[in-house]
Amino acid sequence: MTDKSESLESERKSEKVIDLDHVLVNELGQFGRFQFKYICLIALPIMSSAFFSDYVFIAAAVPHRCRIFECGEINKSAVFRPEWITNAVPVKSGDSALSSCQRYASAGTGPNGSLLHCPIDLFNHSNTQKCDAFVYEKDTSVVYDFDLGCKEWLRTLAGTISSLGTLLVLPFIGYISDHYGRRMALLVSIFNTAVVGVFKAFSVNYTMFLTLQLLETTLGGGLFSAAYIFAAELVGPKFRVFASATCSSTFATGQVVLGAVAWLVQPWRTLVLSLYIPVFLLLSYFWIFSESIRWLLSKKRYAEARIALENVARVNRTEISEKSINALMNPPTKPERDENHSLTKSILQSPVLLRRVCTTPVWWITTTFVYYGLSINSTSLSKTVYLNYILTVAIEIPGFYTAVLTLDRFGRKVTLCTGFLFSSACNLAFVFIPAELTAFRMVVYLAGKFGISLVFTSLYLFTSELYPTEFRHSLLGFSSMIGRIGSVCAPLTPLLTNLWLGLPNTIFAILGLISGVLVLTQPETLGTKLPDTLEEAEDIGKIKA
């Protein structure tokens, strides 16, 4: 009797486990009409998630100078550069630009001038003083509305606050996604993005604006991940890298749309309304989207999962067997995890795993810091602010798809290392190119963005392949979370140009070099089995006798 039961158990183990991936590959189709339809639909939420970078334009720096009360300037909308202005405001050395934060002290002699005539003898050119109030060249930014002249750190705080929200949103959107479903997570993110975005346009002071910046990403910042998960869970294994690159490219397209709309609609309040009011239309997905099949199966909602599977088969013009449906509805029980086998203990006891845990977050910090830093700083490359931004984000698309072509041909290490080092070299070269060579500078700058975009698509895959199944989600999430430090700090990099114009790109280059070298310390994962246990993860790259 014992021999018979052991034989049956052996047969059961040797039989191929039928899971959703197996059904997609062998019956439903890995990328059919159903998957194509959904990827087209999720493109709109993903593009909308790019609007969180609107701070690049709505909190853009605006040329400003001191307001000269002696010459009759009583408000911040006075003519920015009247004929007499150099009598009252110094000109920056080596440039024709007016000083932003300094003016000549009043001589205290004679009657005041007027807006049309303000003589030089009203001012003491041997003595300068800080501005008491400001005049702005444009009124298209929050800098004008909330009078942020010479408060660069406060202006750039808008981007940092927004990026901080993308960190805070992780537990919020994760809880909703796990407990109430992927569709609900997507709809909640859409609603919060639209509502808070519209409210932001009616900010009455900068404190309110910053608060709404934080709330917008804290409550709606899961929009990309909520939409992305539909693509990741719908397609078969063969098309996951392609689907990932497509989602990333769609996000880049959303950034192009952001730049184009900002170019056409420059007043910041109108721009915000133009971006976020259409997002309300995406709430129609409540009636269009069905719940994720993987989530339904994980929650044992088998009746709904069966209907969804049959719908996929109908749209893809394929069939799903009753055997496969029964296998999905009756999954094999998984052995309980040993509670004593904790993550922290495993990391400390495994030098290999410890090195990886210390290495992968550095890659993520570098990638997000350089990626967002190059986008943000692109607006200061030349006077064609909007075109610079559009080109800088559009170059990401070929970078993402290049990763698809190289990852399986040349390997993960080669792709990542090349991307980091190429981006690093371009950033370093950019620092030493004369400002007069505008076109050449732009080409090198875009090449640097191309390199880091190549890394962005590859990073998820390589990081996940280095960790065992039992800890993969936790350690991938840890690396991604620590990586948010880069996106939080990136909006502050324009402040560094006050010390030296080339400082931001020099830092990008140094971090890219460090990360590129660190990639070489890890084993190649191309062609290896995805590790299930800690022992298998430690054996990656080892030559077997």
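Cys 426 counts as buried, at 10% relative accessibility. The sulfur of Cys 426 lies 14 Å from the closest cysteine sulfur, that of Cys 417, which is too far for a bond. This is a predicted model, and its disulfides come to 3.

**Disulfide between Cys 66 and Cys 131**
- Cys 66 and Cys 131 are joined with a distance of 1.6 Å from S to S.
- Cys 66 sits in strand β1, Cys 131 in the loop between β3 and β4, and 65 residues separate them.
- Both Cys 66 and Cys 131 are buried.

**Disulfide between Cys 71 and Cys 118**
- The sulfur atoms of Cys 71 and Cys 118 are 1.6 Å apart.
- The angle about this S-S bond is -55°, and the link of Cys 71 and Cys 118 is left-handed.
- Cys 71 is buried at a relative accessible area of 0%, and Cys 118 is buried at 2%.

**Disulfide between Cys 101 and Cys 150**
- Cys 101 is bonded to Cys 150, with 1.8 Å from S to S.
- The pair links distant parts of the chain: Cys 101 is in the loop between α5 and β2, and Cys 150 is in the loop between α6 and α7.
- Cys 101 is partly exposed at 29%, and Cys 150 is partly exposed at 30%.

**Packing of α3 and α10**
- Helix α3 (residues 33-49) packs with helix α10 (residues 223-234) at an angle of about 165°, and their axes are 8 Å apart.
- Angles over 145 degrees count as roughly antiparallel, so α3 is roughly antiparallel to α10.
- The contact of α3 with α10 has 12 nonpolar residues, 3 polar and no charged.

How values were computed:
Residues numbered from 1 in each chain as written. Predicted model: local features only at pLDDT ≥ 70, side-chain atom pairs only at ≥ 80, totals over all residues. Heavy atoms only, no water. Axes fitted to C-alpha atoms, helices over the stretch in contact; angles between N-to-C directions. Helix = DSSP H or I, 4+ residues; strand = E, 2+ residues; numbered from the N terminus. Parallel < 35°, antiparallel > 145°, perpendicular 65-115°, else oblique. Nonpolar A, V, L, I, M, F, W, Y, C, P; charged D, E, K, R; others polar. Disulfide = S-S within 2.5 Å. Buried < 20%, exposed > 50% of the residue type's maximum accessible area, 1.4 Å probe, protein only.
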